[in-house]
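Please look over the protein shown below.

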Amino acid sequence: EVKDGLGNEFTFDGPVEHVMTIGKGITATVIDIGQIDKIVVCDSYSKTDSDPLFDPLRTLIDEGKVAAGGNIYSSGKAQLQNDMINAADPETGVFDKEKDVVFIIVSVSYGGDTVQYLKDKGFKNIMQWYDIKDYSEVIGFAETLSKVCTGSVAPEVEQMSYVQDKISDGLASLETERTKAFYVTYSGNAFKVGNTGSLATSMIVSAGGDAITIDPSKSGTTYETNLTELVGNNPGVIIFVDSKVANDVSQMENLRKNVGDAQLVPLQAIWNNYCIQSMNGVWTMACAMYPDIFEGDVPTIPSEESDTLLYVGAVVVVVAIIAVIAVLFMRKSA
């Protein structure tokens, strides 16, 4: 039994056979948990993302095993819907409308009509997320996808929580104030900083930083501000730079003019998505803010802890089975 981002409940007898992944974060998560072969349709943005994570997906697309021609926006909506219908065609497709799952990230303004279209066409399991504003929610999101695809929480998802715990443990004895930091991006011809609701800003908080641009009086997830003044009022602040800015030489030069000698840490595009890869961003942030405490590769769960988690999981499953049998037996006896 699982819930999607809207709180809708779904029940499955076991791991599903096929999925549709509409949203880069969803596609990346399914790939990361080793279930890429279950994808029959994804969105065009997953196909065109340059991150090497998506290279195996592009191979499957080229082989005709995955359709990726459309997206939820107006220019790609018709093709996406066509890909979905074809994949669920009883004669030519493999997707089962009754048993398989559509994972889709939709917003209030985009995607709702595609969801309704699928419902009208008889798709039973459409799991939706509008937005995820907190890193801990990303972990829950990944857990849900893992349970649906594999029947359990994949080690890669468990690692997300483990990394967060390692950071918390490492900072427990910190005797100084938390390092000041903020996220910067560029849109509407202006640099903007992260606010509440910005995933990158929540990642800074998860990494133990003092996100100085969180401002309850501002309504947006990002907002424009005077960067020179912001940095001047916060000596030693670390700036985490959106990948679009970090990969644009002219924008980086312009940003440097605004922030002087402040430390700039570029982020990879995939990190700022609802996916397992975001833990790499959190760890990178922690290492940048607290280099004396954190360094090296993203921590992995020690084998003894993994074995314990596996054992506990097995016990839980056995207890659940015994409980079900007991209930059935009592009903039969009555």
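The model is a predicted one.

**The pair α4 and α5**

Start with two helices that pack against each other. Helix α4 spans residues 77-87, and helix α5 spans residues 112-120. Their axes lie 11 Å apart, at an angle of about 25°. Angles under 35 degrees count as roughly parallel. α4 and α5 are therefore roughly parallel to each other. Their crossing is right-handed.

Which residues meet where α4 packs on α5? From α4 come Lys-77, Leu-80, Gln-81, Met-84 and Ile-85. From α5 come Asp-113, Thr-114, Tyr-117 and Leu-118. Sorted by class, this contact has 5 nonpolar, 2 polar and 2 charged residues.

**Two buried residues**

Now turn to Gly-70 and Leu-57. Gly-70 sits in the loop between α3 (55-62) and α4. Leu-57 belongs to helix α3. Is Gly-70 buried or exposed? Its relative accessibility is 0%, so Gly-70 counts as buried. Leu-57 is buried too, because its relative accessible area is 0%.

The table gives one C-alpha separation for each residue.

| Residue pair | Distance along the chain | C-alpha separation |
|---|---|---|
| Gly-70 and Cys-42 | 28 residues | 8.1 Å |
| Leu-57 and Thr-11 | 46 residues | 28 Å |

Neighbours within four places in sequence are left aside for Gly-70. Gly-70 is then in contact with Cys-42, Asp-43, Ser-44, Gly-76, Gln-79, Leu-80 and Asp-83. Leu-80 also takes part in the meeting of α4 with α5.

What does Leu-57 touch, not counting residues up to four places away in sequence? The list holds Thr-27, Ile-31, Ile-36, Cys-42, Ser-46, Lys-47 and Val-66.

**Helix α6**

Finally, consider α6. This helix runs over residues 135-150 and has 16 residues. From its first C-alpha to its last, α6 reaches 22 Å. That is close to the 22 Å expected at 1.5 Å a residue.

Which residues of α6 are buried? They are Tyr-135, Val-138, Ile-139, Phe-141, Ala-142, Thr-144, Leu-145, Ser-146, Val-148 and Cys-149. Just after α6 comes Gly-151, which takes a positive phi of about 90°.

Conventions. Residues are numbered from 1 along each chain as its sequence is written. This is a predicted model: local features need pLDDT of at least 70, side-chain atom pairs count only at pLDDT 80 or more; totals for chains, interfaces and linings use all residues. Side-chain values use heavy atoms; hydrogens and water are left out. Helices (H or I, at least four residues) and strands (E, at least two) are DSSP runs, numbered from the N terminus. The expected span of a helix is 1.5 Å times one less than its number of residues. Buried means under 20% relative accessible area, exposed over 50%, partly exposed in between (1.4 Å probe, protein chains only). Axes are lines fitted to C-alpha atoms, for helices over the stretch in contact, and angles run from 0 to 180 degrees between N-to-C directions. Angles under 35 degrees count as roughly parallel, over 145 as roughly antiparallel, 65 to 115 as roughly perpendicular and the rest as oblique. A crossing is left-handed if the near helix is turned anticlockwise from the far one by less than a right angle, and right-handed if clockwise. Contact means heavy atoms within 4.5 Å. Ala, Val, Leu, Ile, Met, Phe, Trp, Tyr, Cys and Pro count as nonpolar, Asp, Glu, Lys and Arg as charged, and the others, Gly among them, as polar.
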